[in-house]
Amino acid sequence: MSPKRINVALQGGGALGAFTWGVLERLLEDDRIEIAAVSGASAGAMNAVVLADGFGQGGRTGAHAALRRFWEGVSRAGASSPYRRTPMMKFLGAFAPAWASWSAWADAMTRVASPYDLNPLNINPLRDVVDELVDFERVRACEQLGVFIAATNVETGKVRVFKRDELTADHVMASACLPLIFQAVEIGGTPYWDGGYMGNPPLFPLFDANDSADVLIVQINPLTRKGAPRTAPDILARIDEITFNASLLRELRAIEFVQRLLAENRIEHSRYKDILVHVIEDERALAKFGAGADMNTDLAFFEELRKIGHATCARWLTTHFEALGARSTVDLRAMFAGE
């Protein structure tokens, strides 16, 4: 029996991208599934290029190993980060770096001084990790996997999607460029910021990427949270979640609209593909880490997220594998009903 071919769309979310690491591991372990193409922004973009690099080096086994090397490398690069949890914080199940005076000071500084002032040499340890651990020649040559990386054009405010055969470390760093922390990344004379603002993750490049109609979204930014946040860090964190989910909701609305028109035979089926939408997420598990968790580079934290992602994907496959290639497992009409 041939494996089911799917497209995978990876959200950005800083350190929470280690959840995606676990999801990808579980997908790689399942011979019934073949990843045909992947799109991503920010941390999702990094997972995407590491996946392609690993595939080019050694197929599924190579991709599995490459993902681990990358996240271990990110942890080493962040070894001096003040966001790492202490053993007592881990024991208490708490992680709230916003409690720290350093965090409050750093946040205040970004409001009055830009990265051009605070970081004139544009030092970014993550760039060193990407340069060291990702072979972009191998990424560009990985024809078995389509790769699409989103960045935000600073001048136009529009999303720009870069394809596998043009990718370099600059494109990945552009996709992960938070403008209050890093200087804009220039590509071809155009400045770019984090792709999460306008494509988190970008879905539209996957519609015509191959013969698969399945788009599996790995979501790490919660869509919903009960109640209104009351502390300043929690308010800012919720603003970020809403901002970085906005583009995804716009694309899902568009898919739902086309699905409705197809179901009512108001447009031609020969001209429009009925996209089958699936989402892997665990909002409850990720929400417990609190505001600021996306900056934690503790390897134990990454491993915890990886295990959550792996288990979440395993449960999803048990419940929904048969739907792949047949139907959506997300009811988009219900999602947007009553707006």
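Modeller: Rolling a probe the size of a water molecule over the atoms shows where empty space is left. Here there is 1 cavity of 30 Å³ or more. A cavity is a set of points on a 1 Å grid over the protein atoms alone where a 1.4 Å probe fits but cannot get out. This is a predicted model, where local features need pLDDT of at least 70 and side-chain atom pairs pLDDT 80 or more, while totals for chains, interfaces and linings use all residues. Residues are numbered from 1 along each chain as its sequence is written, and side-chain values use heavy atoms, without hydrogens and water.

Biologist: How much space lies in the largest cavity?

Modeller: About 50 Å³, where a volume is the space filled by probe spheres set on the grid points, joined across faces, edges and corners.

Biologist: Which residues line the largest cavity?

Modeller: Lining residues have an atom within 4 Å of a point. They are Val50, Asp53, Ala66, Arg69, Phe70, Leu133 and Val134. By class, 5 are nonpolar, none polar and 2 charged. Helix α2 (residues 43-77) gives the most, with 5 residues; helices are DSSP runs (H or I, at least four residues) numbered from the N terminus.

Biologist: What about the second largest pocket?

Modeller: A pocket is an open set with protein on both sides within 12 Å along at least five of seven lines. The second largest pocket holds about 230 Å³. It has 13 lining residues, with Phe207, Val258, Tyr272, Lys273 and Ile275 closest to its centre. Its lining has 7 nonpolar, 1 polar and 5 charged residues.

Notes. Ala, Val, Leu, Ile, Met, Phe, Trp, Tyr, Cys and Pro count as nonpolar, Asp, Glu, Lys and Arg as charged, and the others, Gly among them, as polar. Helices (H or I, at least four residues) and strands (E, at least two) are DSSP runs, numbered from the N terminus.
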